[in-house]
Every structure is written in structure tokens, then in C-alpha cells.
Amino acid sequence: MKLIETPLNSNVNLETLYPNLTKYFFDNRQAVKLLKLYAYDRTKIIYVDRFDTIDLLLLNRQRKISHQEVDTIIRRVLKVERKDVTVNVGYKKQILEAGLRPKESYKDIIAVEYKISK
């Protein structure tokens, strides 16, 4: 499968695209240095580069995201192994427990955090 980077316009507001997800994802966090959107099969990937961490938010509306897919995305986007990152497979449950309902219904939401060592 191909990993495709989605071009962003300069005026894209991520809060408009994913209102409740980004509210929870960006609350009380450091400023964003770089933002990219990717697509891998039917999985949308939000890439957020902060100054000390890189976060990925994997979203799929049709099915659960497999362990193998997560590994492939980590290797191809971050260029590291799974043992070097923190994967939160219960992120969807965490969002729902916080009382936030995504605008669209997702079968699976996974958060990946990679701490950059300096």
C-alpha cells in the first residue's frame, strides 16, 4: 500500500477539519512546528511535529487499524521502530470518556508519540 502525503493549503485550520479530536489532542501542549496530513490505504494520519516530540494521530472510519499497519506507518513516517515510540491504542476510548464526540464516527483512533532526543 502507498503512503500518500496530502497537500495542505496555507489557510488550513485543523480545528475545522477535526474539531473535537484536535481540541483534546492539542490541549495544554507545546506549540506546533510542522503539520502534515497523510493517507495510508483508508487510514488518515495527522502528523504533528512539536519541538520536543512528534505525534501521529491515526484515524480510520471503516475498520480497526491492525498492529502491522501501525508498525508500517511508524517505520515509513517516523523512520524508527515501534519500541522507540509510545503507542496509545485506547485513544478513542480516552476521548469518549473525556466527553468529546468526534464529528464523524471512527472505528479506530490511535495516538503515537515519539520523543526526540537531543
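Student: In what order do the elements of the protein run from the N terminus on?
Tutor: The order is β-α-α-β-β-β-α-β-α-β. Helices (H or I, at least four residues) and strands (E, at least two) are DSSP runs, numbered from the N terminus. The protein has 4 helices and 6 strands. Please note that this is a predicted model, in which local features need pLDDT of at least 70 and side-chain atom pairs count only at pLDDT 80 or more, while totals for chains, interfaces and linings use all residues. Residues are numbered from 1 along each chain as its sequence is written, and side-chain values use heavy atoms, with hydrogens and water left out.

Student: What share of the residues counts as buried?
Tutor: Of the 118 residues, 37% are buried. Buried means under 20% relative accessible area, exposed means over 50%, and partly exposed lies in between (1.4 Å probe, protein chains only).

Student: Which residues have the most contacts inside the largest nonpolar core?
Tutor: They are Leu56, Leu58, Leu78 and Val112, in a core of 18 residues. Such a core is a set of buried Ala, Val, Leu, Ile, Met, Phe, Trp, Tyr and Cys residues joined through side-chain atoms within 4.5 Å.

Student: Which elements give two or more residues to this core?
Tutor: Those elements are E2, E3, strand E4 (53-60), H3 and strand E6 (108-115). The largest share, 5 residues, comes from H3. A second, separate core has 14 residues, including Tyr18, Leu21, Phe25 and Leu37.

Student: Going back to leucine 58, what is it in contact with, leaving aside its neighbours within four places in sequence?
Tutor: Contact means heavy atoms within 4.5 Å. On that basis, the partners of leucine 58 include Ile45, Val70, Ile73, Ile110 and Val112. Thr43, Lys44 and Asp108 are also among them.

Student: How many contacts join residues at least 24 apart, as a percentage of those between residues at least 6 apart in sequence?
Tutor: The figure for the protein is 56%.

Student: A change of topic: where is aspartate 41 found?
Tutor: Aspartate 41 is in the loop between strand E2 (32-40) and strand E3 (43-50). Its phi is near 55 degrees, a positive value in a residue other than glycine. Aspartate 41 is partly exposed, with a relative accessible area of 42%.

Student: And lysine 79, is that buried or exposed?
Tutor: Lysine 79 counts as exposed, at 66% relative accessibility. Lysine 79 is located in the loop between helix H3 (67-78) and strand E5 (86-88), and its phi, near 60 degrees, is a positive value in a residue other than glycine.
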